[in-house]
Amino acid sequence: MKLGIMQPYFLPYIGYFQLLASVDQFIMYDNIKYTKKGWINRNRMLQNGSDVIFSLPLKKDSDSLDVVERELAGDFDRSKLLNQFRGAYGRAPQFDLTYPVLERIVKYKEDNLFRYIHHSIVMLCEHLGINTEIRISSEIPIDHELRGQDKVLALCKAAGAVSYINTIGGVELYSKADFRIQGLDLKFIKTRPFEYAQFGGIFVPWLSIIDVLMFNPFNTVLVCIHENYELI
């Protein structure tokens, strides 16, 4: 059984979905600390030829809280965020196919940050035909005081994994030898470059999956998700 584990990210880049599609089971962290300068509640879209940050506004709270303990701001204007996407991508070739999915995601009536993002990932997986089982980390019986590689190994053991796949950024964090001692095959997924037309301007890479869906035929996106990567 191949396992992937990731933090929750709002409308992440295509590599997140390549990882999801490449494993049999996927664990999403809910009981990890929210990082203010990370990508949990924000990402990038294309606007007037440049990359622009979009984000989910959060209720002011302690920086020591876990993601599952954070709430969306009470004045979060979902229509404003949707209008930002409409303004950016209204002329994109796949707007009519992609916008309804985006609308269901953004309009979801949930104020908890983790549950809101979890729903968005589930919705996108349904749209993309990714049937991987998604589990929530806090519901898995391990010692949740563990950190880093030790926590990942514990989750792998509890889930019954024989192979663990991580994004390429984990090369410096995890040891193949340590995983091998535990009877686990460790691999890293590396997304190959994927360039496409964006209103005829200079290509801006690694934007949100929404950008990929707005500009590419649906079957092209599926091929990219399932084939345009290598396992190292």
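**Ground rules.** I call a residue buried under 20% relative accessible area, exposed over 50% and partly exposed in between, using a 1.4 Å probe and protein chains only. This is a predicted model, where local features need pLDDT of at least 70, side-chain atom pairs count only at pLDDT 80 or more, and totals for chains, interfaces and linings use all residues. Residues are numbered from 1 along each chain as its sequence is written, and side-chain values use heavy atoms, with hydrogens and water left out.

**Helix α1.** I looked up residues 14-22 and found 8 of the 9 buried. The buried ones are Ile 14, Gly 15, Tyr 16, Phe 17, Gln 18, Leu 19, Leu 20 and Ser 22. Helices here are DSSP runs (H or I, at least four residues), strands are too (E, at least two), and both are numbered from the N terminus.

**The core.** A nonpolar core is a set of buried Ala, Val, Leu, Ile, Met, Phe, Trp, Tyr and Cys residues joined through side-chain atoms within 4.5 Å. The largest one has 81 residues, and Phe 17 and Tyr 89 have the most contacts inside it. Helix α4 (residues 113-128) gives this core its largest share, 9 residues.

**Phe 17.** What does Phe 17 touch, leaving aside its neighbours within four places in sequence? With contact meaning heavy atoms within 4.5 Å, I listed Pro 12, Ile 121, Leu 124, Cys 125, Leu 128, Ile 130, Ile 209 and Ile 225.

**α3 against α4.** The axes of α3 (residues 95-106) and α4 come within 9 Å and cross at roughly 155 degrees. Axes are lines fitted to C-alpha atoms, for helices over the stretch in contact, with angles from 0 to 180 degrees between N-to-C directions. From α3 I noted Leu 97, Val 101, Arg 104, Ile 105 and Val 106 in the contact, and from α4 Tyr 116, His 119, Ser 120, Met 123, Leu 124 and His 127.

Most residues other than glycine have a negative phi. Leu 11 has a positive one, near 50 degrees, and sits in the loop between β1 (2-6) and α1. Is Leu 11 buried or exposed? Leu 11 counts as buried, because its relative accessibility is 0%. Phe 199 also has a positive phi, near 55 degrees, in the loop between β7 (185-191) and α7 (209-215). At 36% relative accessible area, Phe 199 is partly exposed.
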